[in-house]
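Hello,

Here is the structure you asked for. Please look through it first; my notes follow below.

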Amino acid sequence: MCRIRKWGPAALLVAPSLLAIGVFVYGFLGWNLRVSVSDWRGLRATYDYAGLDNYRRLAEDTRFIDGVQNVVVFTLVFVFGTLVFGFLLALLLERGVRGEAFFRTVFLFPMAISFIATAIIWRWLLSNASGAQETGLNRLFDSLGVGFLANDWFKSDSYWAVASVAIAAGWALVGYIMALFLAGLRGVSDDLREAARVDGASEAKAFWHVVRPMLLPVVMSAIVILAHISLKTFDLIYAMDAKSRKIETPALYMWFITFEGLNFSIGAAIATLLMVGIAAVIVPYIWYSVRSERRP
Amino acid sequence: MTSTLHRTSGRSLAALAAAAALVLASCGDDDGAEPGAGGTSPGAPTSTEFEFFSWWTGAGDSEGKQALLDLFAERHPDVEIIDATVAGGAGTNAQAVLTTRLQAGDPPDSYQRHVGAELQPDIEAELVEDLTWLYDEEGWRDVFPEDMLELATVDDRIYSVPVNIHRSNLIWYNPAVLAEAGIAAPPASWDEFLQQAATLEAAGKTPLTIGPSWTQKHLLENVLLGELGAEAYSGLWDGSTDWESTEVTDALDMFTEVLAHSNVDEAAADWQPALDPVIEGDAAYNVMGDWANTYFATAQGLAFETEYGVTTSPGTEGIFNWLSDSFTLPVGAPHRDLAVEWLRLAGSKEGQDTFNPIKGSIPARTDADTSLYTGYLEMPLTDWNDPEIELVGSLAHGVVAGGAFNTEIDSALGEFVASGDSAQFASAVKEAYEANQ
């Protein structure tokens, strides 16, 4: 009785959110899994068990396989690029630029723009039209006399077409990553750096041996945030060039096959695979952070 | 401490219960009419609310829709009209929202669908009511063309009311560009197009412009139609034409050749920017449905026939490749009596003659007031009412291929445009066709 009085109120307080998460996250996850092994096509739900047929079909579906390849390229370019540029911006600001607040806001602003608007701006900037229709970056390059830099961007035939979409996504999120790094850098106390300097460490060495290790948690969080955004990215690609196989990812294919093709079971199978992909990124992170929190 | 907490949670529980009761009460005084058994409900409608679901938001679309809704409001002055519109070209977004609502058993009173195969899943899932009785009552079988009703009929029943007709097989051109290149008239066949393309390219013009993937599908259907003719084209969708026959693969190879003379590598982001090079005189042709007319005439303010021209796409003279927006009566429509009134209006001569001149399409009825359709619209109206014309349904706009089949064609087309492998495309489409039978 006494023990209930101790944890009862707390349990009562978290109960609604536990219930909501239980139903809306785990309940739906389970339901989605069930749909993915069913034969549901068309507007009326059917749950007859179809085993792994849907997954087998996806394994042979070139549109899905191209999509996986695209999302891998997209993730690599987007995560790596955003980390590098976010870090460089943070480093520059940390050095004490005049008007730091102004720059911080400028770099953060793109994140406030919806991905749809971002996509429409970048669709124009990265257009590969030529002649009188030429716009955006290609036109800029031409007028600066560096026309050889002009590119087919997201309409290119190479595997890297989707990387140009990553440029747009990176532009949107680089400010956020910069803010994360800036907070991380500011969190390193000056005393530690002073101590390193007193011990005769050069500025570079102090950074490498003192500051860098302390930034590791920031890098880990940034990677997880960016990687899961990358796997879920939908609106950006949809608005840039919907149904273009050059940049389509499984998230888009899932939408088309579900709501246009009314093939709900295949759509659910793609959703399940996407979830597994995201879990592959997030679970090791959770494991890492739980382990490091336990450390004294 | 704990007692305070208990008291608070008790109070909030009571509040919650009260709120729930309110919600239930407000559900209770819903003024839905009982669905009549198949026939009409006698007397005037008693509902006071009507929810109408469409994807008409673009220029021309929304004005036309408003005119029709105004007419409806005039006849039913005490009714509150809820215009549930979801934006998005060709209704892709609207259809996703609608799908969710239909599956949740929360249909609007009437919703928009393309006539034909696109409505098939709704019929199979028994989400829409059979409207054959309404056709008989209003005498619509005599005013809509027989060939069109045939494509809209499933097991002797008709499930939606078409309000308009758009034409797909059109080629738009810039007369000044043709004159400059010394071309007398638009091509009458795709072979002739290829000859003209060489001349145009020599003059530094792009022969044909193209937009995103659905416009490529739109071009594909019209190349197939031009090369195969109406009968063989229609056979592609009912199994009587073999996708893997040489006839079809030759037509598909023609599509690849035609694309090679387009700006497909620099395809525009949408259909309107795809028309811009034609308007600006950098390109000669564009194959697009007749919603393009609104863009030329209204958005760009160009003069028909002098600044832009149009004719049937190569090889399709005497053929009308159509698509149509229609309205349904969902099973369990909350205000069924008004929904039926709405469908009567949508199918009536007055309703169609109010809507179409503004929307920039022609009535599905063949007894329209021809004086209302001037400029470009004269041509499709004359053709539509011509009993000799051959009618075929559009692929890109859901008449001849439904969601599942159409999505698989999308997948195969994406690959085909990149690889040019017509045999592979033909076998993929054939397989998809058989899988969806």
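A residue is called buried if 20 or more other C-beta atoms, placed from the backbone, lie within 10 Å of its own, exposed if 12 or fewer do, and partly exposed in between. The model is predicted: local features need pLDDT of at least 70 and side-chain atom pairs count only at pLDDT 80 or more, while totals for chains, interfaces and linings use all residues. Residues are numbered from 1 along each chain as its sequence is written, and chains are lettered from A and ligands numbered from 1 in the order in which they are written.

Strand β12 of chain B (residues 319-323) has five of its five residues buried, so it is largely enclosed by the rest of the structure. Helices (H or I, at least four residues) and strands (E, at least two) are DSSP runs, numbered from the N terminus. On one side of β12(B), the buried residues are I319(B), N321(B) and L323(B); on the other they are F320(B) and W322(B). In a regular strand, side chains alternate between the two faces of the sheet.

Strands pair if DSSP finds at least two bridges between them. β12(B) is joined to β14(B) (residues 390-393) by four bridges, running parallel, and I319(B) has E390(B) as its bridge partner there. Two bridges link β12(B) to β7(B) (residues 166-167), running antiparallel; L323(B) is the partner of H166(B).

The contact between the chains takes 29 residues from chain A and 30 from chain B, where contact means C-beta atoms, placed from the backbone, within 7 Å. On the chain B side, α16(B) gives the most, with eight residues.

Regards

Methods:
Contact = placed C-beta atoms within 7 Å.
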